[in-house]
Every structure is written in C-alpha cells, then in structure tokens.
Amino acid sequence: MDRSTDLDIQELKMTREQYILATQPNSLPRTENAQLYPVGIYGWRKRCLYFFVLLLLVTMIVNLAMTIWILKVMNFTVDGMGNLRVTKKGIRLEGISEFLLPLYVKEIHSRKDSPLVLQSDRNVTVNARNHMGQLTGQLTVGAEAVEAQCKRFEVRASEDGRVLFSADEDEITIGAEKLKVTGTEGAVFGHSVETPHIRAEPSQDLRLESPTRSLIMEAPRGVQVSAAAGDFKAACRKELHLQSTEGEIFLNADTIRLGNLPTGSFSSSPSSSNSRQTVYELCVCPNGKLYLSPAGVGSTCQSSSSICLWS
C-alpha cells in the first residue's frame, strides 16, 4: 500500500515539473539535436515532372502553330472560310466547288454578272420531293438525252410569264406566236393535225404534198382555195373529177378555154374544104365527152358524132 502511494506522488511531481518547464521561457540551448525531414519532390521524380511539363509545353506550341497554319491555309475569317461566306441572307460560295455528298438547299443563285454552271462527269439530276419524301419531279441532264419526269412540263416567257410550251399525259400545247420548223424533211405527224390557218412565210411558197398516198382536204362547211395575185393550177396524171352532189359547178371567167379537145371532120362542099376552118361548134357525147365540130349553117354535131364511138 505504501509503495503504490509513493509511485503516485512521484508521477504527480513529474507532471508538475513538466508543466513548469513548459510554461517558463527557456533561454538555454537544447542539448539534443532534433532530426530534420525534407519536404518536396526530389531526385528522379522531380526530373520526370519537369520532362512532362516541358513535353506538354511543346505539344501546346505545336498545336497552336498547326491551328494558325490551318486558319491561314483555309482562309478562315470572321465572315466565313475561303470562298465560303456567311451572310444574312444565307451562304455565298465563290469559285468552283465540288460536292461529294448530296446537297440540300432551298434556293441557289449565281452572281449578277456570271452564270450558274452545274457540271458532272456523268449526269446532273435535280429531284423534287413532297413533305413525305416521295419523288414528284425529276430533271436529268445526261450525255445522250435530257429527261424530265413530272406530271406537267411547262416553258414560260421571261417577260409576261406566258406559257410557250406545256406537255402532260393528255396533250401538248405550244403557246408561241409562231412555230417554225427548219428541218429539210419538215414536220412528220403520225395522226391528224387540227389548225384554223396554214400560212407560208413571206415570199415563200406553201406546198402540201403526200409523196406516196393521197392528199385529202375535208371540211363540213366548204373548202375554199384562192389565189389573190396569181394563178390556180390543178394537175393530175389520170383523171380530174369535179363533182357536186346537190349543187352545180359554176365557172365564172371572162374567157373559158378547153384545150386538146378532139375535132370532128365535116365538109359541106368541095370548095369549103380548101378554106381554113376557124369556127367550131362544141358538142357533147352521151357519156359527157366534149369534142369540137366544124361550124356550119346548122349544127354539125350529128354529122361528126362518130368521134363518140371512139371513147
């Protein structure tokens, strides 16, 4: 019991002395040398850190140089890149451009002082689609043909917007004031042609010809052929028929001549045969054939009617 009490008294004394020593200033140097531990990165770790920092700095410099070079080569500006300019109205592209993938735009305009040229090694195809993506129109410009696929194809005038040419499944309409065909073979129509007026060019002849078949002109209210300042000629190889079903054939002229009519022979006296015959009589055979008979005091057709037996 006494021993444990002595130990507690000693510990209490040691704690008191330590407190006094800690609170009082101590000007005396310590006899023991405290051990110092360095703080930081030293050795190979420091060298590796400097190497990585230097490598990062070189990479940044190379990237900056490459960025400046790309900006210089591609001609990047505030307005756009190279020949491509971004404006308030859209994108403006100058010079020759190549598109490797499809181009989707709303409108394409050229400069005011230069045309718009679309060029391709194979063909140029312009497609029009509806809101569902279905193809509604197509224009293809190829090496052999220009094809247009649509419901209706129209060509309009630039001034008033008048339709000059239109085509659909039912009909083809030409709205120009004049249709001119300059080919040597002319125009070939497989079926009928309906027109109210056929007229040749000034100082040119109008010719209607069928090389191997017949030429027929029909009209329910009449066919009128007139030559106001020239002759009207009708020639054929075999027969020329003038037929009127209900009316009459009317010849109105100052002089009517029938050439190459056969002439019958008639002599009333020997003395008259020696004189030159200048007056003839026009006779008609029962079949409608006309012939001439020398005129006499009376009618001589009966005397020269033998010519009707030859026809």
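Two strands count as paired if DSSP finds at least two bridges between them. The views below show a predicted model.

**View 1. The open sheet of β1, β2 and β3.** Three strands make up this open sheet, in the order β1-β2-β3, and their pairing is antiparallel. The edge strands are β1 (80–81) and β3, each of which pairs on one side only. Two bridges link β1 to strand β2 (residues 84–86) in the antiparallel sense. G80 has R85 as its bridge partner in β2.

**View 2. Confidence along the model and the annotated segment at residues 49–71.** The protein has a mean pLDDT of 79, and 82% of its residues reach 70 or more. Among its elements, helix α2 (residues 44–73) has the highest mean pLDDT, at 92. The lowest mean, 51, belongs to helix α3 (residues 270–274). An unreviewed UniProt entry places the feature "transmembrane region" at residues 49–71. In the model, this stretch is 100% helix and 0% strand. Its end C-alpha atoms lie 33 Å apart.

**View 3. The hairpin of β4 and β5.** Strand β4 (residues 124–129) and strand β5 (residues 135–141) run antiparallel and are joined by six bridges. One of the paired positions is R129, whose bridge partner in β5 is L135. Five residues lie between the two strands of the hairpin. In the turn, G133 has a positive phi of about 85°.

**View 4. The hairpin of β5 and β6.** β5 also pairs with strand β6 (residues 146–149), to which four bridges join it; these two strands run antiparallel. The bridge partner of Q138 in β6 is Q149. Four residues connect β5 to β6 in this hairpin. In a regular strand, side chains alternate between the two faces of the sheet.

**View 5. R122 and its contacts.** R122 belongs to the loop between β3 (91–93) and β4. With neighbours within four places in sequence set aside, R122 is in contact with G142 and A143. R122 and A143 are 21 residues apart in sequence, and their C-alpha atoms are 7.1 Å apart in space. R122 has a relative accessible area of 75% and is therefore exposed, the cut-off for that class being over 50%.

**View 6. The salt bridge between D168 and R152.** Five salt bridges are found in a search of the whole structure. In one of them, the side chains of D168 and R152 meet at 3.0 Å, N to O. This pair links distant parts of the chain, 16 residues apart: D168 is in the loop between β8 (163–167) and β9 (172–174), and R152 is in the loop between β6 and β7 (153–156). D168 has a relative accessible area of 27%, so this residue is classed as partly exposed. R152 is likewise partly exposed, at 42% relative accessibility.

**View 7. The salt bridge between E154 and R156, and the network around it.** The side chains of E154 and R156 form a salt bridge at 2.9 Å, N to O. E154 is partly exposed, with a relative accessible area of 32%. R156 is also partly exposed, at 47% relative accessibility. Through salt bridges that share partners, R152, E154, R156 and D168 are joined into one network. Side chains of opposite charge can pair when their charged atoms come close.

**View 8. The salt bridge between R207 and E209.** The side chains of R207 and E209 meet in a salt bridge at 3.4 Å, N to O. Both R207 and E209 are exposed.

**View 9. The hairpin of β10 and β11.** Strand β10 (residues 280–284) and strand β11 (residues 290–294) run antiparallel, and five bridges join them. E281 is positioned opposite S293 in β11. The hairpin has five residues between its strands, and G288 takes a positive phi near 95°.

**View 10. The largest nonpolar core.** Six residues make up the largest nonpolar core: C283, C285, Y291, C301, I307 and C308. Leaving out neighbours within four places in sequence, I307 is in contact with P262, T263, K289 and Y291. C283 lies within the residue range of β10, and Y291 within that of β11.

Methods
Residues are numbered from 1 along each chain as its sequence is written. This is a predicted model: local features need pLDDT of at least 70, side-chain atom pairs count only at pLDDT 80 or more; totals for chains, interfaces and linings use all residues. Side-chain values use heavy atoms; hydrogens and water are left out. A nonpolar core is a set of buried Ala, Val, Leu, Ile, Met, Phe, Trp, Tyr and Cys residues joined through side-chain atoms within 4.5 Å. Buried means under 20% relative accessible area, exposed over 50%, partly exposed in between (1.4 Å probe, protein chains only). Contact means heavy atoms within 4.5 Å. pLDDT is the predictor's confidence in each residue, from 0 to 100. A salt bridge is a side-chain nitrogen of Lys or Arg within 4 Å of a carboxyl oxygen of Asp or Glu. UniProt positions are given in the numbering used here, feature names are shortened, and annotations may be inferred rather than shown by experiment.
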